[in-house]
Amino acid sequence: MNQERWQRITGVPLMIAAVVFLVAYAWEVIGNLSGTAAAAAELVITATWAAFVLDYAVNLLLAPRRWVWFRGHIFDLLVVVLPLLRPLRLLRLVTLLSVLQRTAGAAFRERVVMYVIGASALLVFVASLAVLDAERSAQGASITTFWDALWWAFVSITTVGYGDFAPVTAMGRLIAGGLMLGGVALLGVVTATLASWIVEQVAKQEEDARVATRGEIRALSRQIEQLQATLDSKAP
């Protein structure tokens, strides 16, 4: 089996595993589980993590040039090493929403927009869960409910930062730093996409103007030719 075939076979199962992981993790954190329920959630989380470890190992083994593949897939390694990043695999789903009948440029922009929307929503949700998990039991914590965590994540990713909620633990602050960096990166993607659209619209208008100008020049040339023909016919 080659690497391409393996990726085709495991694409959908891995996305399902990401959904299962996200549900189990959200259930564990929001429900503040203990006892048997907490053990069941941890078992599901561990099983999905093992699936991604297996996928990474097989991909590395099947890669024609393993070192090159390794250097080009650091994010995949982080997905394995940092369990909270596993749900980001769900962003593969947004490629299904692209419209095939559009031009290449427009289709690319649609994928980017869908990626940004999906990444933003997922990042806010996962960061909310992570910071609540890290902060809830800390002394002096202000983020003690999921809704507090969700509001904090939203104002943080938009770089507003009202300051009404702030993490007090080292892990919470690490999550906050990653969330803010992610927000800035996503804002950069939106800005670049908007700039690309504006440039294309300006170029299209300029091309339309050039086409209209060429048409006017041709029409003027025909009028001159007709006038010249009329003058020649009346000449003695």
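**Helices, cores and aromatic pairs**

Good morning. I begin at Glu-4, which is located in helix H1. Please keep in mind throughout that this is a predicted model. Glu-4 counts as exposed because its relative accessibility is 54%, and exposed here means over 50%. Between Glu-4 and Ala-63 there are 59 residues in sequence, yet their C-alpha atoms are 9.1 Å apart in space.

Let us stay with helix H1 and turn to its aromatic residues. The whole structure holds six aromatic pairs. In one of them, Phe-21 and Tyr-25, the ring centres are 5.9 Å apart and the planes meet at 10 degrees, so this pair is stacked. Both residues belong to helix H1 and are separated by four residues, about one turn of the helix. Phe-21 is buried, at a relative accessible area of 2%, and Tyr-25 is buried as well, at 9%.

A second pair consists of Tyr-56 and Trp-69, whose ring centres are 5.4 Å apart; their planes stand at 50 degrees, so the pair is tilted. This pair links distant parts of the chain, for Tyr-56 is in helix H2 and Trp-69 is in helix H3, 13 residues apart. Tyr-56 has a relative accessible area of 9% and is buried; Trp-69, at 8%, is buried too. Elsewhere, one aromatic cluster is formed by Phe-125, Phe-146 and Trp-147.

Between H1 and helix H2 runs a loop that contains Asn-32. Asn-32 is not a glycine, and yet its phi is positive, at about 50 degrees.

I now come to the interior. In soluble globular proteins, nonpolar side chains tend to be buried together. Which residues touch the most other members of the largest nonpolar core? Within this core of 28 residues, they are Tyr-25, Leu-129, Ile-143, Trp-152, Ala-153, Ile-175 and Leu-179. At least two residues come from each of helix H1, helix H5, H6 and H7, and H5 gives the most, with ten residues. Apart from this core lies another, of five residues, including Leu-14 and Phe-52. Ala-153, to return to the largest core, touches Val-124, Ala-127, Ser-128 and Leu-179, leaving aside residues up to four places away in sequence.

Finally, consider Thr-169, in the loop that joins helix H6 to helix H7. Is Thr-169 buried or exposed? Thr-169 is buried, because its relative accessible area is 17% and the cut-off for buried is under 20%. Its side chain makes a polar contact of 2.5 Å with the side chain of Glu-135. Beyond residues up to four places away in sequence, Thr-169 touches Ala-134, Glu-135 and Ala-138. Thank you.

Terms used:
Residues are numbered from 1 along each chain as its sequence is written. This is a predicted model: local features need pLDDT of at least 70, side-chain atom pairs count only at pLDDT 80 or more; totals for chains, interfaces and linings use all residues. Side-chain values use heavy atoms; hydrogens and water are left out. Buried means under 20% relative accessible area, exposed over 50%, partly exposed in between (1.4 Å probe, protein chains only). A polar contact is a pair of N or O atoms within 3.5 Å; within protein, one must be able to donate a hydrogen and the other to accept it, and residues adjacent in sequence count only if both atoms are side-chain atoms. Contact means heavy atoms within 4.5 Å. A nonpolar core is a set of buried Ala, Val, Leu, Ile, Met, Phe, Trp, Tyr and Cys residues joined through side-chain atoms within 4.5 Å. Rings of Phe, Tyr and Trp (its six-membered ring) pair if their centres lie within 6.5 Å; planes under 30 degrees apart count as stacked, over 60 as edge-to-face and the rest as tilted.
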